[in-house]
Structures are given as C-alpha cells and as structure tokens.
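User: I would like to learn how to read the features of a protein model. Can you take me through one, topic by topic?

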Amino acid sequence: VCVKDITSNVENLNDPYGKFQIANVKATEGDLNAHGDGGHTGTSGGWQIVFIYESLDLPGRNITLFDGYANVTKNNNDFDVDFNGFQTVPTGKVKANIVIGALEGDQDLDGDELQIKKVDNTWTSLSTSLRNSNNFFNSSITLNEVQYTNRNPASTNTLGFDASIFELENSGNQIIDNNQTSATIRMSSTQETYGLYLLGLSVEVWEPSLGALEFTTTPSGTNFNSGEQIQLSLGISNSGNDNIRDLEFSTFLPIEVDFIDASTLPAGVTHSFNSTTRELKFFVEDGYTDTNSADYSIDFNVEVKEQCYFLETACSGSFQIQATASFRGELNTTPQTTNSSGTKDECGMG
C-alpha cells in the first residue's frame, strides 16, 4: 500500500480507512449453549486487516503482530505475549504504538485489563482516554484516542467487538526504555470474559538509511553511442535517524565501458578502481553522511567502447550498472546494505 494512496484517501474522504471497509460478510445464525468459568457468553465474530507500509518520510519501526486467539476469563488469564527483535532509540523518548482486536469485551462489565511489564519488572495496566484500565475491552472502535464512527452503523457500543490503534503512554521511558530489545504484554481479567485475536506492537527504532539510492546518467537516457562519455551519479541522502559510519559504495563496470575518471568527488570521498576485476569503489569519511548533513552526489565518468567486438570477451548491445552501499550506524551498529536504483515509484521507493 502506497502511503500517498492513504494520504490521498484522507484528503478526498476524510477517512484513512475508507478504501478498506468491507461489508455484507456472510455469517451463520443459530443457537449456542456455552457454559464454563466464563459463563454464558453467546457467540461473536469479527476480523481486521493490518496494513504495514514503508515511507521515506517516517522513522523506521519494528512491527510485530500476535495473530492467534486467547480466551481470557476470570479463571483462565494472564496470557503473556513477548515482543523482541528490535532495539529502541538510545536517547530521547521511546515511541511505540499498540494495535488490538478482540471479541466479547462488554461495555458495562469491568475487570478486563491489558497490561505491560515496565522497566522495573512490575506490571502496569494500560489505559487511554476512551479505555479505562479496568475495562479496557469495552466494545468500541477507537483510533488514536477518538471514537471511529465513519462507518455504518456508527455506534459507539459495538456490543462485543473491540478494535484500536493507540500510542503507548511512556512518560519518562518508564515502560519501554532506551536501548531496550524486548517487551511483554499481558491479557488479564478478574470477572469479564473476552477473546483477543490480534495484538501488535510498533516500536520506533534507531537506524541509518540511504532511502532510495538513486543512480542516474548525464546526459539522461538509456541509449548512448560508441565513443560517447557518460557521467554516472549516485545521489546520497541519510533519510534515517542515525549517523552513517564506514560508508562504502562499490560497482563492477561492464566490459562495454572504460573507466575515465572521478575528478569531481566531494572533499570527504575517495575512490579506487581495479582494472583487472573492474571493481570501482568509493569511500566516504565519517561525519559526511550524518542525519543533519547536506545531500551530496558521487560522480564518475565512463566511455562507451568503440571497438567492443575486437575484445576476447563478448560485448553486448545493452548493459547494466548497479551500485551497492555498505554501512552501519553510529548507534545502531548492525551492518546494512542498499542497492541503487535508476528510477523511483510514486512513493519515492527505488
């Protein structure tokens, strides 16, 4: 899903989910006698679609979804879901969102809680302005602290269906701290019966990014004559939230072209060319591609060979050149690679 599609949808319909509403889903009608420690709850059903998208304009997030079913009652509770595989930002406020989907959480019955383990290993009950800590599952559809009523029927009591996306209240990073790599969320109840089938955690992470590493030619185009010189340019921009370190670019020049020079490189960039392997490499000094650094380009010149057919290695009438960047972050030191692209889609992705 393209972020621009969602944005356009908001502008046109004032409804970020209008394109995805689905109605007239078949259901079975009948009777059920169900007893147990949860009492006679009757029947219920519901479902959601979760869209995860990439945007160069937004910070990176680690997103994990629990997709299953937990039948929570007063005697069968304290279901824990562990989220891991992320590393939160090393400094500043840690931001996270939670998504839920549940059935049978009645608006007039309390005792149902959604808890999270804090930094000090104690449990705290989550709440929002529309969801009390002791009646979190309350038959409502809410989006960022607002009742979502742009639907038919537009009731604020769904009689047993809960769906919500909300920002975790993490004052002073007491719940999720800097450099944290895991979190645990618990479903609990003292009297209410409910069934949670969707639980997701979206955590803002610290990472460098080169976004769409654009590789272009001057003159622009795809058709060149033999003997013609071409300038190739790599556009460099740190679109992440961490400074880039140990940045290198490498590309292998095809046999159809000769390397001429790279005489107009920025002050912080050097290069090497191996005429045997035909590998061209560029090395960027640390501090040149920080989050607040100006965008820059790496340019080099090649020439299309005139007498390619005399070479022992067969030449082609068409060829491709692609560059690969390798780097790490100053704070998030996980090695990363990015491949260049000659074009971008409507979302700005290479």
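Analyst: Start with how elements are assigned: helices (H or I, at least four residues) and strands (E, at least two) are DSSP runs, numbered from the N terminus. By that rule, Ile116 lies in strand 4 (residues 112-117). This is a predicted model, where local features need pLDDT of at least 70, side-chain atom pairs count only at pLDDT 80 or more, and totals for chains, interfaces and linings use all residues. Residues are numbered from 1 along each chain as its sequence is written, and side-chain values use heavy atoms, with hydrogens and water left out.

User: How many helices and strands does the protein have?

Analyst: The count is 1 helix and 18 strands.

User: Is Ile116 buried or exposed?

Analyst: Buried means under 20% relative accessible area, exposed over 50%, partly exposed in between (1.4 Å probe, protein chains only). Ile116 has a relative accessible area of 0%, so this residue is buried. Across the protein, buried residues account for 39% of the 350 residues.

User: Which residues does Ile116 touch?

Analyst: Contact means heavy atoms within 4.5 Å. Setting aside neighbours within four places in sequence, the contacts of Ile116 include Trp123, Leu126, Leu168, Ile175 and Ile185. Ile185 is 69 residues away in sequence, yet the C-alpha to C-alpha distance to Ile116 is 4.4 Å. For the protein, take contacts between residues at least 6 apart in sequence: 73% of them join residues at least 24 apart.

User: How do I read a sheet?

Analyst: Strands of a sheet pair through backbone hydrogen bonds, either parallel or antiparallel. Two strands count as paired if DSSP finds at least two bridges between them. Here, 5 strands make an open sheet with mixed pairing, in the order 1-9-3-7-6. Strand 1 and strand 6 (141-143) are the edge strands, each pairing on one side only. From one strand to the next, the twist averages 10°.

User: How many bridges join strand 3 to strand 9?

Analyst: Strand 3 (residues 96-103) and strand 9 (residues 194-204) run antiparallel, joined by 8 bridges. Take Ile100: its bridge partner in strand 9 is Leu199.

User: What about the surface?

Analyst: Accessible areas come from the Shrake-Rupley method with a 1.4 Å probe; for residues, only the protein chains shown count as cover. The protein exposes about 19100 Å², with 44% supplied by carbon and sulfur atoms.

User: Where is Val50 found?

Analyst: Val50 sits in the loop between helix 1 (3-13) and strand 1 (61-72). Its relative accessibility is 36%, so Val50 counts as partly exposed.

Terms used. Axes are lines fitted to C-alpha atoms, for helices over the stretch in contact, and angles run from 0 to 180 degrees between N-to-C directions.
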